[in-house]
Amino acid sequence: TPAEEELFKPVSERRQTVGIREDSSAISEVDDLLLPASDTPYFVYARWYEAGRSLHRYPYRHITVERNAAIYTGHHLEIFGSVWAQRGGWFSGGYPSFVGNRSAVVRYEGSRFPTVDDPRRFSGAVRMRVHGDQPQRSGFNETLFERYFPGELGRKVFVDKEDDQSVEFIGNFGTGDETFVARGRMIVGEDSEMRWAALSGLGILEIRSQGSVQMRCGAKLGGFPLPKAMWEREGSEFRPAGGDVRVIGRLLVGTPEAPITRDAMIFGRWNDVEAGAVVRADYPHRRGQAQAVGRSLTLDVAPAGVVEVHSADPERARLIITSYTARPEITDSLGNDVEAKGLKASGADRGIAVLLQGRTLFNGVHFDFLMEEGLRVSPENRADWQNITFGPHNAAAPAKLFGTPDAFGTPDEHDPEVDEDAPMIRRR
């Protein structure tokens, strides 16, 4: 349409300006991408081509986005080095992958999450789903800075580092859907936060068998509440109740060499079974045990998974496992306030649930907003726990919060380690 031609015309003209080649056959992991600062905000919708065809994947080393510059990259961008979005800059992509055999840093200055007092949205992808907009016609234009918060990395994010190398995220980050850690280590930096929305109802952080996640002091992990407009449009059966953090590999809260000195947090989705929060049965391989249990699992540790908490002072520096409703400032990804905020868990149907089938080295963990029998762990797995505390918003006394791992239901038959559909990480 003429409007689309006008929208994409400046994008095409700027390709050479920012160093994006029309023919990308020579681009490799040693090339850097720089969007320079400008007094006038400008936006680049970047697609890479080879012999006239759009590339499915394309590599870069370092990416720097300076003040008043913004870039949205199409499909699978492979980043071998670091990303630096300076204050006033904006970076997002389709499915960015952090790969290679060297450690790196992703620093997003000025990134923050929406509040009810700020009309801007966080997840452009979710907004498109709710309002039926096409990606090329919604937000990816001169109004981007006014419409969206900085910090959304992409619809899906992959970490696939070789040789146990790491990528550390410093700032406030989010994804429109899922984050997968296939290999290497993803580090959530000090006082940094990573959230995931639910573009398709599947928002989750999944740590694969060869991957690990490390949380530093003050780090937070959790999912955005699903926008009410989305599940009302799709029908009540769309309300997702999948896992928030699924651990098949390792989750480290602090390390033996660098224990946490302040609280870290994992916050999960609020279950309200009576209100219709259900598991979508058409995606069992991405649900893990949540497919069987019929509850959203704030923390889902597979039998092969390991969670370690290393604290310098287990009474004051803890891992807090709670609900997003415990955070008065939280909104959904569209900036709307959420239901159930501050409500106390009750019975076996309202609150959060945790399933711990793997090895858990807990010394300094605080649970709150648990439903009855919502802490599913065998007596053997918790025999060596130390400094475990419970908050005032749990549904019952601590003794009634524990349940056996198989009490929710039968585990599903899908093994995400061998399922061909999960996840979409390029086989090397």
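**Entry 1: ground rules**

I began with burial: a residue is buried under 20% relative accessible area, exposed over 50% and partly exposed in between, using a 1.4 Å probe and protein chains only. By that rule W270 is buried, because its relative accessibility is 9%.

I then noted that this is a predicted model, in which local features need pLDDT of at least 70 and side-chain atom pairs count only at pLDDT 80 or more, while totals for chains, interfaces and linings use all residues. Residues are numbered from 1 along each chain as its sequence is written, and side-chain values use heavy atoms, with hydrogens and water left out.

**Entry 2: the whole protein**

I looked up the secondary structure and found six helices and 31 strands. Helices (H or I, at least four residues) and strands (E, at least two) are DSSP runs, numbered from the N terminus. Of the 428 residues, 59% count as buried.

I checked contacts next, meaning heavy atoms within 4.5 Å. Among contacts with a separation of 6 or more, 71% come from residues 24 or more positions apart.

I looked at pLDDT, the predictor's confidence in each residue, from 0 to 100. Its mean for the protein is 76, and 67% of the residues reach 70 or more. Two stretches made me careful. Over residues 123–143 pLDDT stays under 50, and the model has 56 contacts beyond four places in sequence for them. Over residues 409–428 pLDDT also stays under 50, with 49 such contacts in the model.

Where does W270 lie? I found W270 in the loop between β21 (264–268) and β22 (271–272). Leaving out residues up to four places away in sequence, W270 touches S323, Y324, T325, A340, L343, K344, A345, R350, G351 and F369. I picked A340 from that list: W270 and A340 are 70 residues apart in sequence, yet 7.9 Å apart in space, C-alpha to C-alpha.

**Entry 3: S38**

I went to another loop, the one between β1 (33–35) and β2 (42–46), where S38 lies. S38 is buried, because its relative accessible area is 18%. The side chain of S38 reaches the backbone oxygen of T40 at 2.7 Å. Beyond its neighbours within four places in sequence, S38 is in contact with R67 and N68.

**Entry 4: aromatic rings**

I counted ring pairs with this rule: rings of Phe, Tyr and Trp (its six-membered ring) pair if their centres lie within 6.5 Å; planes under 30 degrees apart count as stacked, over 60 as edge-to-face and the rest as tilted. The count comes to eleven aromatic pairs. One of them is F390 with F402, edge-to-face at 6.1 Å centre to centre and 80 degrees between the planes. F390 lies in strand β30 (residues 386–390) and F402 in strand β31 (residues 402–403), so the pair ties together parts twelve residues apart in sequence. F390 is partly exposed at 25% relative accessibility, while F402 is buried at 19%. I also saw that F362, F367, W385, F390 and F402 form one aromatic cluster.

**Entry 5: salt bridges**

How many salt bridges does a search of the whole structure find? I noted 18, each a side-chain nitrogen of Lys or Arg within 4 Å of a carboxyl oxygen of Asp or Glu.

R208 pairs with E206, the closest N and O atoms being 2.1 Å apart. R208 is buried at 7% relative accessibility, and E206 is buried at 2%.

E193 forms a salt bridge with R195, with the closest N and O atoms 2.6 Å apart, and both residues are buried.

D244 bridges to R269, with 2.8 Å between the closest N and O atoms. This pair links distant parts of the chain, 25 residues apart: D244 is in the loop between α4 (228–234) and β19 (245–247), and R269 is in the loop between β21 and β22. Both D244 and R269 are buried. Salt bridges that share partners join E193, R195, R327 and E329 into one network.

Methods: Polar contact = N/O pair within 3.5 Å; in protein donor to acceptor, adjacent residues only side chain to side chain.
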